Amino acid sequence: IVSIAAEMAAKKGMVVVTSAGNSGRRTPPGNLINHPADAKRILTVGSVDQNFERSDFSSVGPTTDGRIKPDVSAFGDGTAVMRGSGAIERGGGTSFASPLIAGFAACIWQMNPDRKYNEVIAAIKNSGHLDGSPDNMLGWGVPNYIYAKDVKALNINDILEDRVTFYPNPFVGDTLYLITKGKFKEGMQIRILDPKGSLVFNKEFKRKDIKENMELTIDGSQ
């Protein structure tokens, strides 16, 4: 019934986002996605860890009719969450991954209010790091906001332009290392917030100052 309701909401034009479920450790077929994760025209979200590997608890696909599920994945393993007491702790579960994609979808739709729900969903899926080879573990992978925000098809030049990767992740200590790829025609601004939302680093780099390998000292004073 809940899957039927999710499909009805999608047909009315809503972007429905749901968790894949936390049955991944069970013996097959008990490790498959739960309801309403099997619904059509919605975004089902699995969980990954800091290395973009599937969290072992994250339920897998396919659906009974052979569709790939989950659709995308997000960080749900060791996610910073706020408890009812107000304490910020780490937790794991696809229920922590799906809200990230729900907020992601809301931002994409706000930037493209004239688009239909299915176009927003397609843009998010197509921006995933497994777009070329989706599977029943992570779906289309972890979506990238920069690639999805314009709701358009991507090509290899989009992917290679102005790309930044960083480590360690999660970030600990006071040194963050960046690897940059691309031309960065407009420079680059890096803002880092702690789990409480406080800005601990904010610096703008001009194009001439951007190097392929960069090292940032994060001391919380900026």
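**Basis of the entries.** I worked from a predicted model, in which local features need pLDDT of at least 70, side-chain atom pairs count only at pLDDT 80 or more, and totals for chains, interfaces and linings use all residues. Residues are numbered from 1 along each chain as its sequence is written, and side-chain values use heavy atoms, with hydrogens and water left out.

**Confidence.** I noted an average pLDDT of 87 for the chain, with 91% of the residues scoring at least 70; pLDDT is the predictor's confidence in each residue, from 0 to 100. Over residues 153–160 the pLDDT is below 50, and this stretch has 8 contacts in the model beyond near neighbours in sequence. Contact means heavy atoms within 4.5 Å.

**S127, continued.** I placed S127 in the loop between helix 3 (117–126) and helix 4. Helices (H or I, at least four residues) and strands (E, at least two) are DSSP runs, numbered from the N terminus. S127 counts as buried because its relative accessibility is 4%; buried means under 20% relative accessible area, exposed over 50%, and partly exposed in between (1.4 Å probe, protein chains only). From S127 to R83 I read 31 Å, C-alpha to C-alpha, for residues 44 apart in sequence.

I found an open sheet of 3 strands in the order 1-2-3, with parallel pairing; two strands pair if DSSP finds at least two bridges between them. Strand 1 (17–19) and strand 3 (72–75) are at the edges with a single partner strand each, so one side of each has no neighbour in the sheet. Direction ignored, neighbouring strands of this sheet are turned by 45° against each other on average. Strand 2 (residues 43–48) runs parallel to strand 3 and is joined to it by 4 bridges. I noted that G46 has S73, in strand 3, as its bridge partner. Helix 2 (residues 94–111) packs on the sheet and touches strand 1, strand 2 and strand 3, its direction making about 125° with that of strand 2. Axes are lines fitted to C-alpha atoms, for helices over the stretch in contact, and angles run from 0 to 180 degrees between N-to-C directions.

**S47.** Not counting residues up to four places away in sequence, S47 touches several residues, including F57, A74, T94, A97 and L138.

**T79.** I located T79 in strand 4 (residues 77–82). T79 is buried, with a relative accessible area of 8%, and its side chain reaches the backbone oxygen of F75 at 3.0 Å. Leaving aside neighbours within four places in sequence, T79 is in contact with E89, R90, G91 and F96.

**Aromatic rings.** I counted 1 aromatic pair, by the rule that rings of Phe, Tyr and Trp (its six-membered ring) pair if their centres lie within 6.5 Å, with planes under 30 degrees apart counted as stacked, over 60 as edge-to-face and the rest as tilted. The rings of F104 and Y145 are edge-to-face, because their planes stand at 85°, with the centres 5.8 Å apart. The pair links distant parts of the chain, with F104 in helix 2 and Y145 in helix 4 (residues 145–148), 41 residues apart. F104 is buried at 12% relative accessible area, whereas Y145 is partly exposed at 32%.

Terms used: A polar contact is a pair of N or O atoms within 3.5 Å; within protein, one must be able to donate a hydrogen and the other to accept it, and residues adjacent in sequence count only if both atoms are side-chain atoms.
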